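Keep the 3D view open as you read.

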Amino acid sequence: MPDDAGQENRAGGNVGLMSLIRALSKDLEARSDDSLRALFDARPDLISPAVPDFAALAARASGRVSVQRALERLNRPQMQVLETLHLCTNTDTEHSASAAGLRKLISGSTVAAVERILAALQELALVHRAVPPHGAPATGNRQRYYLPVGSLKDVVGIYPAGLGRSYTELVRLQPAFAQRAVQLVSELHRSGAAIHGATTPMEAALALQHWTSSPEALQDILATAPERTTALLARFRNWAMGAVPQAQRKASITTEGSDVGPIDWLLARGLLVPLDAAHVELPHSVGLSLRGGAIINDFSLSPPVPELGRTSAALRRNAALGAISETLRLVGEVLHAVRDQPLATLRSGGVGVREMRRLAELLRIDQPRTGLLLELCGLAGLIRLDVDSSSWVQPPELEWLVLPRQEQWLWLVNAWLASQRVPSLVGQPINGTPGAAAQRAASGSTIIALSAEAQRPDAPVVRKRILEILNELTCEASAPDGTAPVLDAAAVLQRAEWAQPRMARRFSSLIRGVLAEAEILGLLGSGALSQLGSAIADDEPDAALSILGEHLPAELNHVLLQADLTAVAPGYLAPALTEKLLLMADAEGQGPATIYRFSPGSIRRALDAGHNASTVLEFLREHSATAVPQPLQYLVEDTAARHGRLRVGAAASFVQSEDEAALLELLAGPKTEGLGLVRIAPTVLISSAPPRETAQVLRSLGLSPSFDDSEQPVLRLRRAPAPHTPSRPIYTAPRTAPPAEEVQAQLDALRHRPAAVGNHHGPEGDHIGEAATQLGLEALQRAIRLKQRISMNVVDGMGNANLEIVVPLSVSGGRVRVFDPAKDTERVLSIHRIIDIEAAEELRQ
């Protein structure tokens with residue numbers, strides 16, 4: 001049984017064991033260049049930065065972070081085989097396993113399929129070849145035996161394959177259960193159960209383990225269980241831990257009655273082990289017997305095929321194009337609204353409810369959609385935060401406004417793919433965020449637009465992977481009649497959980513939001529992946545531009561002016577026309593047939609921007625399919641006639657003199673150009689410079705101005721913002737393979753500097769650095785698990801090296817806790833002071 005394999009040779013048999021890192025180093029050194037290239041393509045972090053030799057490469061491949069990244073790319077059958085190998089082997093005693101042995105524990109598999117997966121895992125440097133375990137039958141070269149990398153146990157967690165820990169581990173790690181175990185076994189023995197007696201907690205654990213070691217034995221035990229016990233245990237089939245109220249309550253066979261509940265019945269027999277007041281764990285042997293003796297019961301080399309609906313190509317195309325046109329129109333209106341009145345931000349960041357409500361009323365849409373559009377504009381660089389005014393503004397000379405519509409769309413899509421912000425999170429509850437966000441979360445608040453809480457570092461990777469899965473499902477379900485499959489979140493998540501089970505939690509938290517964002521960008525239409533979405537998933541933006549340019553309705557360059565002071569857009573207008581029209585009129589309604597209403601206020605807005613009556617009327621005549629109605633012409637001319645009777649401007653100082661000729665001379669003089677002088681009356685000039693500066697310049701010209709200092713001038717210091725000129729975002733897919741020249745340089749370095757793999761752990765035998773550190777930690781952790789004495793060279797505060805023989809107890813935070821048998825004391829040492837580690841048993845040989 002796999003549970004017994006982990007206990008084999010605990011007390012002895014560890015002399016002469018090879019380091020797992022050294023074993024992997026030999027495996028890597030024996031590979032061909034093509035095999036190493038494939039490894040570097042699959043795990044680019046192994047050569048970033050470059051490694052000096054195979055020992056350092058093996059150390060990095062065995063590192064916890066690197067192994068965790070590699071596991072995130074494995075599919076379900078690969079993870080199932082790897083977890084089964086982990087449960088059936090013991091890296092401390094080099095107890096290895098073969099494909100034939102694993103097949104017996106993976107229901108539905110074959111030796112050939114398991115061998116292929118093991119070979120693939122070996123190519124990824126997650127497992128390596130090993131010698132057969134002690135007592136294995138001699139089979140020549142027909143069977144290959146494997147061991148996983150040493151850090152796998154830390155990465156897969158305490159419940160590999162969803163199975164719990166063994167009774168022996170639970171007795172060692174759960175003091176409350178250890179105290180109860182002997183009494184529990186005694187009660188079972190006295191009640192007639194076929195279990196051996198025990199006098200110590202470890203004996204009790206071994207007795208319980210043997211009692212529940214086979215499906216038949218467990219079936220006999222459950223024959224007298226209460227009615228709902230089997231249904232309760234079924235909940236533990238895929239995960240060993242569960243929530244139970246009052247899990248540490250007193251449950252005993254001697255006091256239970258006929259109406260005992262399933263939880264009390266299981267606790268009284270040790271089939272569930274309490275962890276704390278609210279959680280229990282199903283021990284390894286019980287869980288394995290529940291699965292019929294197999295670790296894996298749902299093995300399949302093929303991904304699940306979801307049941308999907310269908311939609312026609314025309315519906316998909318029209319829905320996608322309509323979403324794109326509407327999004328571009330609304331983004332243009334958002335930018336116009338922000339330019340007219342910047343969006344104020346809260347002190348804690350983000351746009352508050354009042355501003356969101358005001359903007360939603362201007363756009364004539366609901367607030368959730370407004371928040372999503374704001375996030376889209378923010379991540380695309382179409383609006384930016386002005387630190388001086390603490391408000392979101394539109395950058396000057398924004399190129400996006402004058403681009404063709406298909407290029408505007410690609411700008412938004414590229415920015416969305418590359419951004420770490422998730423627009424769909426706006427409006428969702430805040431979870432686990434620090435500072436002010438946590439305070440808002442405590443009061444039941446939600447994520448607000450343009451706040452820090454909408455940031456997710458893994459968003460680009462998840463978006464790209466979801467698009468690839470959508471493309472895979474669409475290609476698999478393609479039909480000759482041209483219909484496309486309708487893909488919902490459940491279908492995509494089902495495929496994602498099979499393709500990358502280690503990332504399932506990330507997918508489940510973002511998938512619905514990503515699909516909603518993809519739909520407003522036209523990557524989905526009627527629930528199906530559009531042609532545009534397929535092109536983007538295949539990293540073909542030029543093809544997407546060509547498709548959109550071919551199918552997107554042509555932009556219009558005219559409106560229909562009506563006598564009720566409105567202009568009707570008979571379709572989607574050109575961006576430049578929309579921009580100018582919004583300057584002169586206010587938009588009403590939604591959709592492509594937008595109505596623009598003229599009013600005295602909207603006409604004044606155009607006049608303030610530098611237009612006059614003639615330019616406004618000329619623009620309307622040029623872009624109207626009908627004549628300008630007389631009421632509209634009267635409105636423009638009357639508003640322009642009243643406009644400008646009062647003028648408001650800015651001035652920092654003034655110059656007054658009764659000598660008009662002297663003032664005219666100052667205006668014409670080249671030395672006063674920097675003052676920005678403007679004549680507002682025959683005897684008054686105004687200047688854009690402060691009073692003191694203006695007076696100094698006039699004195700330098702030989703004049704003697706009197707300085708009016710009745711009000712102290714105020715000096716305002718402003719932070720000069722960096723010039724912001726947003727450029728078109730260019731999306732680059734997350735790098736999955738290093739450049740060929742980097743790979744070749746690494747191969748040259750490895751082949752010309754062979755690894756020095758010996759039997760010594762010290763700096764003379766290994767490259768001082770990454771490999772030496774990993775080897776030292778590996779030796780420490782192995783000695784802790786085996787309770788093995790080690791010999792260490794420790795440098796004291798004076799720089800002297802002292803040889804010490806100790807028993808390491810734990811290692812964490814850069815420190816190791818050891819027991820010194822000679823002094824019968826415990827000590828804590830800093831790892832950086834340890835320069836050499838060897839097993840004490842090796843020294844005595």
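Which helices each supply at least two residues of the lining of the largest cavity? They are helix 17 (313-340), helix 20 (405-418) and helix 27 (575-584). Bear in mind that this is a predicted model.

Start with that space. The largest cavity has a volume of about 230 Å³. Its lining counts 20 residues. Leu328, Arg329, Leu573, Pro575 and Thr578 lie nearest the centre. Leu328 and Arg329 fall within the numbering of helix 17 (313-340). Pro575 and Thr578 fall within that of helix 27 (575-584). By class, the lining of this cavity splits into 11 nonpolar, 6 polar and 3 charged residues.

The structure holds 4 cavities of 30 Å³ or more. The second largest cavity contains about 50 Å³ of space. Sorted by class, the lining of the second largest cavity has 7 nonpolar, 3 polar and 2 charged residues.

Now turn to an open space. The second largest pocket has a volume of about 1000 Å³. Two elements give two or more residues to the lining of this pocket: helix 6 (76-88) and helix 24 (504-520). Helix 6 gives the most, with 4 residues. In total, 27 residues line the pocket. Nearest its centre lie Glu83, Gly162, Asn238, Trp239 and Pro501. Glu83 falls within the numbering of helix 6 (76-88). By class, the pocket lining divides into 11 nonpolar, 6 polar and 10 charged residues.

An open sheet of 3 strands has the order 18-20-19, and its pairing is antiparallel. Strand 18 (653-656) and strand 19 (678-681) are the edge strands, and each pairs on one side only. On average, neighbouring strands of this sheet are turned by 30° against each other, direction ignored. Look at one pairing in detail. Strand 18 and strand 20 (residues 684-687) are joined by 4 bridges in the antiparallel sense. Here serine 653 stands opposite serine 687 of strand 20.

Strand 21 (residues 790-795) is joined to strand 25 by 5 bridges, and the two run antiparallel. Valine 794 faces isoleucine 834, a residue of strand 25. Is strand 25 (residues 834-839) largely enclosed or open? Of its 6 residues, 5 are buried, so the rest of the structure largely encloses this strand.

Finish with the cysteines. How many disulfides does the structure hold? The count is 0. Cysteine 88 has a relative accessible area of 9%, so it counts as buried, since the cut-off for buried is under 20%. Cysteine 475 has 52% relative accessibility, so it counts as exposed, since that class begins over 50%.

Note on methods. Residues are numbered from 1 along each chain as its sequence is written. This is a predicted model: local features need pLDDT of at least 70, side-chain atom pairs count only at pLDDT 80 or more; totals for chains, interfaces and linings use all residues. Side-chain values use heavy atoms; hydrogens and water are left out. A disulfide is a pair of cysteine sulfur atoms within 2.5 Å. Buried means under 20% relative accessible area, exposed over 50%, partly exposed in between (1.4 Å probe, protein chains only). On a 1 Å grid over the protein atoms alone, a cavity is a set of points where a 1.4 Å probe fits but cannot get out, and a pocket is an open set with protein on both sides within 12 Å along at least five of seven lines; lining residues have an atom within 4 Å of a point. Grid points are joined across faces, edges and corners, and a volume is the space filled by probe spheres set on the points. Ala, Val, Leu, Ile, Met, Phe, Trp, Tyr, Cys and Pro count as nonpolar, Asp, Glu, Lys and Arg as charged, and the others, Gly among them, as polar. Two strands pair if DSSP finds at least two bridges between them. Axes are lines fitted to C-alpha atoms, for helices over the stretch in contact, and angles run from 0 to 180 degrees between N-to-C directions.
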